[in-house]
Amino acid sequence: MTEQDWSRLRPPTLADMEALADAAYAALPTSFTRLCEGLVIRVEDFPDEETLDDMQCESEFDLLGLFRGRGLTQGAHLSETGEQPNMIWLYRRPMLDYWADSEDTLGAIVTHVLVHEIGHHFGLTDADMEEIERRAE
């Protein structure tokens with residue numbers, strides 16, 4: 001493996017992270033993603049103050065991603081007219097901070113957070129989510 005020249009590299013932008021999230025989603029098993037119809041995935045730099053308060057975070061770096069909506073276990077198929085769509089937020093700066101202290105690739109971290117947050121939509125166990133991540137590699 002050749003040494004990386006970091007002197008000219010810049011951190012991934014929001015658009016770069018969106019592209020990573022799109023690629024991660026595309027690599028997930030079809031049996032998993034076909035049940036995600038209407039799910040919106042957004043990338044932001046940080047969670048907003050209300051979210052930080054709701055999640056009882058001590059720092060804006062504490063939250064890597066978040067699912068908001070009505071999961072399948074809560075009757076998502078019975079959504080009311082006027083309800084917001086199910087959404088997943090991926091938070092760029094906390095993920096970059098996590099990546100800096102990790103041995104994982106940034107793509108693996110994005111996949112992990114995305115699967116974990118979609119898992120909330122499905123009501124999956126950690127073991128279920130680990131299997132889905134393994135199949136997406």
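User: Before we start, what should I know about the numbering and the model?

Analyst: Residues count from 1 along each chain as its sequence is written, and side-chain values use heavy atoms, leaving out hydrogens and water. The model is predicted, so local features need pLDDT of at least 70 and side-chain atom pairs count only at pLDDT 80 or more, while totals for chains, interfaces and linings use all residues.

User: Is strand S3 buried or exposed, and how do I read its two faces?

Analyst: In a regular strand the side chains alternate between the two faces of the sheet. Here five of the five residues of S3 (residues 87–91) are buried, meaning under 20% relative accessible area with a 1.4 Å probe, protein chains only. Met87, Trp89 and Tyr91 sit on one side, with Ile88 and Leu90 on the other.

User: Which strands pair with S3?

Analyst: Strands are DSSP E runs of at least two residues, helices H or I runs of at least four, numbered from the N terminus; two strands pair if DSSP finds at least two bridges between them. S1 (residues 40–44) runs parallel to S3 with five bridges, and Val40 stands opposite Met87. S2 (residues 65–68) is antiparallel to S3 over four bridges, with Leu66 opposite Trp89.

User: What does the contact of H5 with H6 consist of?

Analyst: Contact means heavy atoms within 4.5 Å. From H5 come His112, Val115, His116 and Gly119; from H6, Asp126, Met129, Ile132 and Glu133.

Definitions and conventions: Buried < 20%, exposed > 50% of the residue type's maximum accessible area, 1.4 Å probe, protein only.
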